[in-house]
Amino acid sequence: MSNERVVLCGGLPGSGKKTLHLRLGRNRDNINLRITDITDKMAANMPPMLVDLLEVATYVYCADQATTRGGGGARNYGANWRRHFQFHIPVREPKLWSSKPVLAILRDTLGFLSDDEYEFTFKKLTDPPPVSQYLEFGSGGATGFKAEEVILVSGGIDSLGGAVQEAVVEKRKVALVSHRSSPKIAKRQKDLLEDLNKHCATQPFHVPVWVNKEKALGREYTQRTRSFLYAALATVVARIFDLWRIRFYENGVVSINLPISPQVVGSRATRTTHPQVLNGFAQLFSTLFQKEFAVENPFLWKTKAQVVQSIRDAGCGELIKHSVSCTHVWEMTTLKTHCGACSQCIDRRFGILSAGCSDQEDPAEMYDVDLLRGARQPGESRTILESYVRTAKRVKDMSEAAFFSEFGEVHRVTQHLKGMTVDQAASGILDMYKRHASQVCDVIAKGIQDSAKDISDGRVPASCLLILALPEEYKRPTTYETTPPSPVLVLEEIRDGETNQNLPARIVGSGRFNGVNKKIGSRQLFFICQLFGSTRTHYVDGEHMTVVTEEEAVQELLKWSKAGYLQFSGADQDKPAYRVQKMWGEFVRQIEKEKKLKNIFTDDHKDNKGNKLYGLRLQPNEKQILVPNIPALFQKPPS
Amino acid sequence: MGHIRLGTLPRTRKWIEVLDLIVGSAGTPEVAAATMEASQGGLIEAAKDPALAHTVWLLTQVPLAARSEDFVSGLRKLGLEVSNSPSLLEVVGAFTGAVDAHLRRSGGRTDLGEMAQLAAAETLTALGRLQTESLFGTTTADVQRAFKSFSTTKQFSSLAREFFARLTKRYLTYFLSRKLSNYVSGDGHFTSIDKHAEFNEALDLHCRQATRIIGEFSGGWFSKTNFEGGITQDKAAGFVHIALKKLREEFARGARP
């Protein structure tokens, strides 16, 4: 592995090109950890192992950010994406940390979480600093507060939903642990939680945590290990309150995070709260404590829209606009708090619109790019949105077999859901993804409905989602001046073997095709579908044609074969092009029996790349014979 | 939370040619062949990938385990952590877990290895589902019967072909998906999201056609190698090497007008 790093922590000596020195302290060291509002008294009995956990997690998080993953290239199949870390960390309890189970769980859980390889060597920490060096008593320190639950709050919608559920709906005493990664985020979190307090019978106890590091240590922004730091921080707080459980709140689609594009391999789709990761954290903490410790995600079976709806149902809809989901923090302004382009913004806005939030609850003007009507420039913005929606459209109509045989990542989840069989877990995941896909598609459908006039007038950008999502059928120009007749002959009515039954149909294209009665079978239907449905044109020596290439015909033939409309015989399956050529000859012989259709079909041409073309000759006033949908070509004559 | 990292394509002459072909409405075979050529010698280096070789080896062993009377023990010997009565989906999940566990021990995970692992899980699900006629609630006997059927020469051919078709599709779209969305626009090359999806379907069909060659030799290799001392990881790696070489040639051939 080329991307190796030796991480020497806590002042351990050593040097080398691949060596990274990390030292955690208050002022003179390169990492600074501050836990606010936990008093010396509250932390008085904190076991040394907990302080070790805090330090180990901080070192892992900082090494992750200090080591680049080599950009977004595809060189050597992502060799630079995956790194190999050798950590050397002095701890208070080296025997415990060096035990085989702890080492194995650390390696496996972090390895899955961040897609890196880990080795740990723990040494005895001499002269350990007191835990108080990390504590900072702030203005809100709640002496005597007894938390019933500890939850992680990032300031996004899902964690807000969790805080609302616990503190407002269930009226529980909760400790909210948040990581303050930047001053901008810190202010937003503070304001959000102050507003939340107004809805709570008992004010939550807020524990903000700061991790600052030298600028030189910020080389990689992906931060795949941050949930380990969050979990460690929350666990320390939980133990201070003598609790044996912490809770992340994240909607299930993001938690499982199936890839929306084939380029998204491994942890390029974050596994921050993946069930396998949360189980790994629970296992690690349980092993360290020698007592069962739980790490849960109560929103695992909810979509974002359902989370948003639960906030509204609790009467806290007004808080939504103060939550921040966007990862492009550096682009955030007072007015535009969301870029509207990153995956989190897209997911958020779909959830918001699906839940029917008003503009007061989540103002559209907060987003730099509007989800439905905003122009999407080529690049990440368009790729994420297009991939997200294409996946949702596909999942919506997928069979269960297709879902589990196209999303291989799902098999990394099904075995890690406690209290369920694998089949029950799989069924639940499928249901949730289908629900999410329908919610996404419904938002788009409503957007098209609401913007119908602007679309009709051409007043929305060609690259906006409303235009991208319009089915292809409606983008083809048509020679119809009026609404085409209702389809009365559908593909299912013709199957291979029925070729000689000669189902009567009427080709109702336009002009000279209008009213052509023709008895057709599957082979004629195949070429009529191909040619009348094509958008490809060919113009040579004064002849204008609508054409398909032989390759396109072959691809279509394979689809028809798969669907059972046409069956291959003998060696044709291996030579589908030859089958197309044979069928074309028969098609022309049959179709030209109809007087009006004589000499208008041709296979005499090739395109400029040498591809053989099958074509339909057009008259000078006909640019292209195109219809909005294939079944509309056919109409049975009245009996 | 929920971040997705996207990638880019190298700005080399070969990749620019691939993009030109797409914009120029070239056929799927041409685009596929050019992609294969532009991508690090088109799978040749891939044959050395340890995760890919291990995945293929495990794919050969699961049908053989299904031949034994104690199917569950056979699976566990291969590293699949299953319950006493695993369903189809449980076995597929355990297969994925076994590859993960192997790579945690040995290291060497790559994107290609990930693609192979996913393609294998998807293949077992798709073909297993066809045999069991159901996805949920399958019994262990159903699963054993299904996987045992893959241990014949003919059925292993189908298994291998399905796997390599899925792997090849994943491989090509791993690169192409970095750019294709950029061409989706009301006035772009793909005028809609559906059009992009159609392109992917055509690519899928092309991969299935191109992997016919795998079906032709893999069944014979499986039976012969198993008979002659068993299929080792090294022999599986050799099979992968030949399969990928043939595939590359097939893609180049398929692109010719």
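Axes are lines fitted to C-alpha atoms, for helices over the stretch in contact, and angles run from 0 to 180 degrees between N-to-C directions. The model shown in these views is predicted.

**View 1. Helices H2 and H9 of chain B pack against each other.** Helix H2 of chain B, residues 28-38, and helix H9 of chain B, residues 193-210, pack at an angle of about 75°, and their axes lie 10 Å apart. Because angles of 65 to 115 degrees count as roughly perpendicular, H2(B) is described as roughly perpendicular to H9(B). On the H2(B) side the contact involves B:Thr28, B:Pro29 and B:Ala32, which meet B:Ala202, B:Leu203 and B:His206 in H9(B). By class, the residues of this contact are four nonpolar and two polar, with no charged residue.

**View 2. Chain B touches chain A.** Here 62 residues of chain B are in contact with 78 residues of chain A. On the chain B side, H2, H5 (88-106), H6 (111-132), H8 (153-176) and H9 each supply at least two residues, and H6(B) gives the most, with 11 residues. The side of chain B that touches chain A comprises 25 nonpolar, 23 polar and 14 charged residues.

**View 3. Four strands of chain A form an open sheet.** The strands follow the order S15-S16-S18-S17, with antiparallel pairing. Strands S15 (537-540) and S17 (601-606) of chain A stand at the edges, each with a single partner strand, so one side of each is left without a neighbour in the sheet. From one strand to the next, the twist averages 45°.

**View 4. Strands S17 and S18 of chain A run antiparallel.** Four bridges join S17(A) to S18(A), the latter spanning residues 612-618. A:Lys606 has A:Lys612, in S18(A), as its bridge partner.

Technical notes: Residues numbered from 1 in each chain as written. Chains lettered and ligands numbered in written order. Predicted model: local features only at pLDDT ≥ 70, side-chain atom pairs only at ≥ 80, totals over all residues. Parallel < 35°, antiparallel > 145°, perpendicular 65-115°, else oblique. Contact = placed C-beta atoms within 7 Å. Nonpolar A, V, L, I, M, F, W, Y, C, P; charged D, E, K, R; others polar. Pairing = 2+ DSSP bridges.
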